[in-house]
Amino acid sequence: MLPPAFRSSGDLLADRRYDYAMAAKADKDLVAAADLLKQALEIAPRWAAAWFALGETERARGVTEAAAAAFRQALACDPDDAMGAGLMLARLGLNPPEAAMSTGYVTALYDDYAPRFERSLREGLTYRGPEMLRDAVARACAASGRIPHFDQMLDLGCGTGLAGEVFAPLCSHMDGVDLSARMVEQARRKGVYHSLSVGDLGAFLAGRETGSADLVVAADVFIYCAHLAPIVSEMRRVLSSGSLCAFTVETHEGEGVILGAALRYAHSEATVRAAVAEAGLALLVFEPAAIRQEAGRPVPGWSVVAGKA
Ligand SMILES: C[S@@+](CC[C@H](N)C(=O)[O-])C[C@H]1O[C@@H](n2cnc3c(N)ncnc32)[C@H](O)[C@@H]1O
């Protein structure tokens, strides 16, 4: 589904060519689809959605150069990259994966997903990230003799507020941030947050006072963040001493960070451990956690709780 601003070129004829192209693609006639998209683009040469669709079509045909050229045009027409052309270039091996995720893409994805998110994740994908993190935090507290109650929790990438709901009984005061205004709208309805902001978690953390929080949570969010170390380091800065952060990541067997076929990042075990160590946090829980399923299979990941001395 295209982000709303991209659904029409503003020209009826071009829109019609695009629709015919999508029908041809559905019929697996990729040559006709590419031809119709080129016709649409002759009429509306600045239509990012048609360039993106042409990129996908050429990729499906195995014509990598033409696909890359079309994705580059999509990026040029929409520098915010709501459709994720940068990610497609990275998947083609033509863009560094670490630089490929745009905030425009994540925002458009979750603005569109927001009304269906909870049903899809909870029922379809058996998502249990918030519960797993809550249990991991409770165990970290038990092991260190800390009372599992927090004055100020920050929920990074709060989404519709699932983690907020799960952690609410443990917290007096909770603030959340998310890139997607529509996700935040849903989170607001939960009535568990003191404040909610729309924006990037990095800027949100930068705006918090040093030592002002005693729990920072990021449930299933770092799948959109290539560089963990600066974020974990900022988490440490906003934590008061004796307090905790808790997050999940998807993982893979290799080294470093990779961009998977589902356009999410997976971080190696060593990368996560290094980010925590570099930030000067103590690792309290580091355990395998398949927080969600994909195509009926658990997606491998880690559940992490780290503490500030
Ligand atoms: C898979 S959802 C998880 C939502 C929620 N934490 C939960 O457990 O249900 C990922 C969320 O992270 C948000 N997100 C991704 N990158 C972000 C960033 N850099 N800053 C703020 N929010 C971000 C997305 O908009 C989306 O709502």
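**Helix packing and ligand contacts**

In this predicted model, Ala-48, Trp-51, Phe-52, Leu-54, Gly-55, Glu-56, Glu-58 and Arg-59 of helix 3 meet Ala-66, Ala-67, Ala-70, Phe-71, Gln-73, Ala-74 and Cys-77 of helix 4, where contact means heavy atoms within 4.5 Å. By class, this contact of helix 3 with helix 4 has ten nonpolar, two polar and three charged residues. Residues are numbered from 1 along each chain as its sequence is written. Local features need pLDDT of at least 70, and side-chain atom pairs count only at pLDDT 80 or more, while side-chain values use heavy atoms, leaving out hydrogens and water.

**Helix 3 and helix 4**
- The axes of helix 3 (residues 48-61) and helix 4 (residues 64-77) come within 8 Å and cross at roughly 160 degrees.
- That makes the two helices, helix 3 and helix 4, roughly antiparallel, a term for angles over 145 degrees.

**Helix 11 and helix 12**
- Helix 11 (residues 228-238) and helix 12 (residues 269-279) have axes that come within 8 Å and cross at roughly 40 degrees.
- Leu-228, Ala-229, Val-232, Ser-233 and Arg-236 in helix 11 meet Val-272, Ala-275, Val-276, Glu-278 and Ala-279 in helix 12.
- The residues of this contact of helix 11 with helix 12 comprise seven nonpolar, one polar and two charged.

**Ligand surroundings**
- Of the 19 residues around the ligand, Tyr-127, Gly-157, Asp-178, Asp-200 and Ala-219 come nearest, a residue counting as near if one of its heavy atoms lies within 4 Å.
- An oxygen atom of the ligand is 2.5 Å from an N or O atom in the side chain of Tyr-127, and a ligand oxygen atom is 2.6 Å from an N or O atom in the side chain of Asp-178.
- A nitrogen atom of the ligand lies 2.9 Å from a polar backbone atom of Ala-219.

How values were computed:
Axes are lines fitted to C-alpha atoms, for helices over the stretch in contact, and angles run from 0 to 180 degrees between N-to-C directions. Helices (H or I, at least four residues) and strands (E, at least two) are DSSP runs, numbered from the N terminus. Angles under 35 degrees count as roughly parallel, over 145 as roughly antiparallel, 65 to 115 as roughly perpendicular and the rest as oblique. Ala, Val, Leu, Ile, Met, Phe, Trp, Tyr, Cys and Pro count as nonpolar, Asp, Glu, Lys and Arg as charged, and the others, Gly among them, as polar. A polar contact is a pair of N or O atoms within 3.5 Å; within protein, one must be able to donate a hydrogen and the other to accept it, and residues adjacent in sequence count only if both atoms are side-chain atoms.
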